[in-house]
Amino acid sequence: MMPRESPITDEELHAYADGFLPTDRVGAVEEYLAAHPDTASRVAAWRAQAAMIRDKWGKVAEEKVPERLQPDRIAMRSRWFGRKVAAAAVIAFVVGAAAGWFGRDFLLGGSNAEIARALADAAVEAHRIYVAEVRHPIEVRADEAHLVPWLSRRVGQPLKAPDLAPEGLKLLGGRLLSGPRGIAAAFFMYEGGAGERVTLTTARAMREGETAFQWRAAGDIGAVAWIEGGLAFVVAGPAEHERLDRVARRVFDAYEVASNEKK
Amino acid sequence: MAALSYAMESAMSAVRRGLEPLIPALRRFARAFTRDAEIADDLVQDTLVRALRGEHLFHGGDLRTWLFTILLNLDRNRRRGLARRPVLAVIEEVEPPGAPGSDGSARDISRGLGLLPAEQREVLLLVTLEGMSYREAADTQDVPIGTIMSRLSRARTALRAHLDEERPPLRRVQ
């Protein structure tokens, strides 16, 4: 670059536009802008943007704050069900996932591998959708004895909520998901020490046979899916392949042990 | 200094006291950020609930920054949920005809903001609408100040391009 270039940085230009520039630099910047019309029009455009933004939304702060946003009211509500809401919020977030998708993908048939793949994709999708659902409580908490029997009955096969403590995961609770064509799926939610959640979705497979573990990742969410012993499984959670794989193996083992005990 | 419990007590009431005057600004930011009054107030409500429930997590410092951080985090969760229909919020924006600010240029700015990646939109609004310093914006987003500068710069460049396109091209230099 040529020496005519002024030592005005982009940062300074922004600071100038935003009114943060130290006064002793304002003169230098203005001098530079006077000599560089392109830069000057760029800075003018920034300022115009800011003015448009303030014009359009600045007055929202002058509106009367709605009743539901009054801190006293919120504090009262918080006291009322503070603990419960907190618990529910933790639990609720991936809940309800498969209402549509089980019916959709599951009954389409195809090979078991295809089914498992479709399930995994759907579980990832559901994870994404329900991460926003922080206020809906799960149906049944982990400490309620009927959780597993109830879901087993609805899914039509004995289920387990495997102990995932070795993976640092604690069972929060579960929910029944039902597809439009009557396919019931059990949905168990676990939480780890860092607040991360992992979910296990289980439903009856449409046919016999089994598949290998199938890994699916979409952005920050990953899933391991497989079919075994007449059931389809999807473990979904933060996309750490190794960890989800370990979780999946624990689930697999838990069911394996259960079926061996029966024999 | 007094006992810990006393310190916690006073921290709590400090939050509650300090919260109220900041609500209009939270609403303003949320409205501009989501461009949907209902969603925006939901977001503010969730933020306040979270803040009041987690008062003990506020270890002094800047209350405004803390609240905006909560709001941005909650919004991140919200958007994750909406990831499949990000365009909808923009298209469905309805403004009463003749309402102040619903002229063409404001509509452009609204749509232009909607097209920005969230992190860039956050920075631009924190700085221009909320008057946050770059340092405060960096604290709010929990990123280095250099990241703030580059986000701000990219936001402004993209927005400028968008606004130039919206207008009938009077001239196309370069």
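The expected span of a helix is taken as 1.5 Å times one less than its number of residues. In this predicted model, helix 3 of chain B, formed by residues 37–53, comprises 17 residues and extends 24 Å from its first C-alpha to its last, close to the 24 Å expected at 1.5 Å a residue. The buried residues of this helix are A40(B), L43(B), V44(B), Q45(B), D46(B), T47(B), L48(B), V49(B), R50(B), A51(B) and L52(B).

Helix 3 of chain B packs against helix 2 of chain B (residues 23–34), the two axes coming within 8 Å and crossing at roughly 135°. Because angles over 145 degrees count as roughly antiparallel and those from 65 to 115 as roughly perpendicular, helix 2 of chain B and helix 3 of chain B are oblique to each other. Their crossing is right-handed. On the side of helix 2 of chain B, the contact involves I23(B), L26(B), R27(B), A30(B), R31(B) and T34(B); helix 3 of chain B contributes A37(B), I39(B), A40(B), D41(B), L43(B), V44(B) and T47(B). By class, the residues of this contact are eight nonpolar, two polar and three charged. Of the contributors from helix 3 of chain B, A40(B), L43(B), V44(B) and T47(B) are also listed among its buried residues. An α-helix has 3.6 residues a turn, so residues three or four places apart point the same way.

A helix pair was also examined in chain A. Helix 1 (residues 10–18) and helix 3 (residues 37–57) of chain A pack at an angle of about 45°, and their axes are 9 Å apart. This angle makes helix 1 of chain A oblique to helix 3 of chain A. Helix 1 of chain A passes helix 3 of chain A in a right-handed crossing. The contact brings L13(A), Y16(A) and A17(A) of helix 1 of chain A together with T39(A), V43(A), W46(A) and R47(A) of helix 3 of chain A. Five nonpolar residues, one polar residue and one charged residue make up this contact.

Elsewhere in chain A, P162(A) lies in the loop between helix 7 (147–155) and strand 2 (169–178). P162(A) has 22 C-beta neighbours inside 10 Å and therefore counts as buried, the criterion being 20 or more. Apart from neighbours within four places in sequence, P162(A) is in contact with R250(A), V251(A) and A254(A).

Key: Residues numbered from 1 in each chain as written. Chains lettered and ligands numbered in written order. Predicted model: local features only at pLDDT ≥ 70, side-chain atom pairs only at ≥ 80, totals over all residues. Axes fitted to C-alpha atoms, helices over the stretch in contact; angles between N-to-C directions. Helix = DSSP H or I, 4+ residues; strand = E, 2+ residues; numbered from the N terminus. Parallel < 35°, antiparallel > 145°, perpendicular 65-115°, else oblique. Left-handed = near helix turned anticlockwise from the far one by under 90°. Contact = placed C-beta atoms within 7 Å. Nonpolar A, V, L, I, M, F, W, Y, C, P; charged D, E, K, R; others polar. Buried ≥ 20, exposed ≤ 12 C-beta atoms within 10 Å, placed from the backbone.
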